Amino acid sequence: MSAETDAATRYFDAIAAALSGLDIFMRDDRSPLYQHGIVARIVAEYIGRLESSFSCWRNRLGFMESFRISRAESGFPVFQNVLELENDRRTAAERLAGIPRPDEIRAEMADFILRHKAFPSALQKSMAERLYLEAVKEGEAFGPFTLAQTAKVSVNPKNQRPFYLVHWATFDGTANLPLIYMATVEDSSEEMVAQLVDREGKFNKTVRILLPVDGLLNPDLAHRFDDFTEKNSAYTLSPATIAVNLDKDFETLHPKQLRRVVLGPFYTAGITEHNSTVADVLSKVRKAENAWLLTWTIQEVYSKAEKPGRRGLFSREQSSQEFYINTDDLEAARQGVSSYEKHALVPHEAYQALYAAGEAEKVFAGYKVHILSKGQVISDV
């Protein structure tokens, strides 16, 4: 096994363990995030997409020799890999038609070995490519951009407006980070109010909505909303900027809350280089599959008030949200959020190594730490 292949194997083992641990944390009813219920379920959906992507990338190594990750920054694959995976998804059916079926390849491999007394490397690559394309075609990967879905519909009893919980995701091409967005948006469109709100100002139960719904529930604004989210989901934009842009661009949509989950950075012993202290300690962890650390940040901005719109003879001004930015917290102000939480997930063995080295307090300063041990996640350590 070459050094590159060994490093790739260790990386894929580590990221698989990290995403599996994160999925356990999100689905655990004792975890802090599970108290938000639907938020944890939505994040878990996107973790599943990431796991599917990494599974495909791992299969891809069977016939492609290189795989680049952002070693000095995010610890995640570089954006080019995400684009290639998306392109392969679109062309998978066509390419599969040109590759023999698995049983045919196996028969050719057996025949090659018998006749040439050698290993059929080219046929093995064909088999690997076929398995990769089948996985890409069938699975739901974490793409460059995942269109919005409406996950919840209800009515605000105070103003009789329907509201939606909408989520979408993007893999930021500059930061090489997976980003998950969730927005709670009220809708004052006359058509949607008439359809979704009954005479008592409550949700009209005679309307059957099978959730989740692809796109924004409002069909008149769904395409515009998709276009907006695709153009306004970059990591360089603060949650407050995105929320303000959404508020300005849609007269009848009123964003009340926007959450962004930033997955990463991810640290792996001997591979990533973005923190020398963490790298030095993780390199001393006995089992390579336990030599990693995954961090993520949950950012939130919410509206503290709505400024009513005005209509005059010669001008009109649409209503606007007053978003709360916590200026008492310098980091919250820098991020452009009302609040934020920094989380870290680490295997028990790696946490012990950091603790023994006297580095745990410095490395995890400001983080909520969750320890993965024997298939369970222990929080509040």
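Is leucine 83 buried, partly exposed or exposed? Select leucine 83 and look. This is a predicted model. Leucine 83 has 35% relative accessibility, so it counts as partly exposed. That value falls between the 20% and 50% cut-offs.

Now show the helix around this residue. Leucine 83 sits in helix H3, which covers residues 79–96.

**Stop two: histidine 167**

Move to strand S2, residues 161–172, and pick out histidine 167. Its relative accessibility is 2%, so histidine 167 counts as buried. What does its side chain make a polar contact with? Select tyrosine 46: the two side chains make a polar contact at 2.7 Å.

Now bring up the other neighbours. Leaving aside residues up to four places away in sequence, histidine 167 touches Ile42, Glu45, Tyr46, Leu147, Ala148, Gln149, Ala151, Tyr181 and Met182.

**Stop three: helix H11**

Select residues 348–356 to show helix H11. Which residues are buried in this helix? They are Glu349, Ala350, Tyr351 and Leu354. An α-helix has 3.6 residues a turn, so residues three or four places apart point the same way.

The partners include two helices, H9 (276–282) and H12 (360–363). Three strands also take part: S6 (292–307), S10 (339–347) and S11 (368–373).

Glycine 358 follows H11, and its phi is positive, near 75 degrees.

Note on methods
Residues numbered from 1 in each chain as written. Predicted model: local features only at pLDDT ≥ 70, side-chain atom pairs only at ≥ 80, totals over all residues. Heavy atoms only, no water. Helix = DSSP H or I, 4+ residues; strand = E, 2+ residues; numbered from the N terminus. Buried < 20%, exposed > 50% of the residue type's maximum accessible area, 1.4 Å probe, protein only. Polar contact = N/O pair within 3.5 Å; in protein donor to acceptor, adjacent residues only side chain to side chain. Contact = heavy atoms within 4.5 Å.
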